[in-house]
Amino acid sequence: MSGDGTRCVHGGHHPGAPGEPLHPGPVLSSTFDLGADEPLPTDFYGRAGNPTWRALESAIGDLDGGDCVLFASGMAAIGAVLRLTGRDGALVLPSDGYYLARALAHGELAPLGVPVREVPTTGPFDGLAGAALVLVETPSNPGLDVADIAAAAAAAHAVGALLAVDNTTATPLGQRPLDLGADLVVASDTKALAGHGDVVLGHVSTRDAGLAASLREARSRGGAVPGPMEAWLAHRGLGTLDLRLERQAGNARAVVEALLAHPAVTDVRWPGRAGDPAHAVAARQMRRWNGVLRFTLDSQQAVGRFLGASRLVGSATSFGGLRSTADRRARWGDDVAPGLLRFSAGCEDPDDLVADVVGALGAV
């Protein structure tokens, strides 16, 4: 299978025998029959493995181009990656990426003696001596800057460090960091991959068998395991990722053009626009665009008026779903202007969405 749509629809699903369900349900069991003697079967206890997990891991791993390990959330996945190297060296994180990754590193790992450094998403990556793991997030959340993954990988490997890429915003269809030299790719599948706002889930993919084994051991030992129902729902959602991403990217482009023409809006960013500062790097390494953009209104109160006037844009802190949403990021502690909104374009009709956004801006 080579096409995005085909791999999304068929990934992780194997041809069944006559009479078997074409769409098998989740395996909802914490225990499995151990048999009369050794060796243990593949599934022996619900914290160690589940067929529903493996089906989704197979599908995501094919899209990422590596061996996928599911986790209970995106933060569980990031936490497992940040803990991989122990005290072997410093952790280098994006200073302008997802705030909870920094909070985890500074609040839990630094007190254990792990040095933590911060570098902007765009680099430079020339001061990595002593690093054991470098994490980049691209496009960044919420700023939508873009890191040059190949350059970051070369710089990390030159000092003996691993490179991990948070691929949540791009999705596996938008970007394949493992092809660009990354050692690990991590994502919150709560967002576009599952896509329906009803699942909390995450994953890590790698081509290194030793790293994959360490991640599975950490998942079982730490208990950050996904529920089979959540894995099944995410697998069902993955089937339409190709279709959803196409509509969301088209909607993002239409909304961006409307925002650029509106006097109440400043600081519009979307890497898919040719005039965006990140476009050149993004165009080299991204396979396709997505629906996440950002813009700024002049105050917190203006944001409130915009959201209050909109009929289609929900106020929510996730992104990548069917419905368009917007999130004022300063409320979470991001170092951004009070009126900065991260906007997630959904799957509405483009004309309806643009008309709603422009109309809501009229209340600002």
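Begin by selecting residues 325–328 and 340–344, strands β11 and β12 of this predicted model, which run antiparallel and are joined by four bridges (strands are DSSP runs of E with at least two residues, helices runs of H or I with at least four, both numbered from the N terminus; two strands pair if DSSP finds at least two bridges between them). Within this pair, aspartate 327 stands opposite arginine 342 of β12.

Residues are numbered from 1 along each chain as its sequence is written. Because the model is predicted, local features need pLDDT of at least 70 and side-chain atom pairs count only at pLDDT 80 or more, while totals for chains, interfaces and linings use all residues, and side-chain values use heavy atoms, without hydrogens and water.

Now widen the selection to the open sheet, whose five strands follow the order β8-β9-β12-β11-β10 with mixed pairing. Its edge strands, β8 (266–269) and β10 (314–315), each pair on one side only.

Next select 74–82, helix α3, where eight of the nine residues are buried (under 20% relative accessible area, with exposed over 50% and partly exposed in between, using a 1.4 Å probe and protein chains only). Among the buried residues are Ile78, Val81 and Leu82.

Finish in the loop between β4 and α5, at leucine 144, whose phi is positive, near 65°, and which is buried at 2% relative accessible area.
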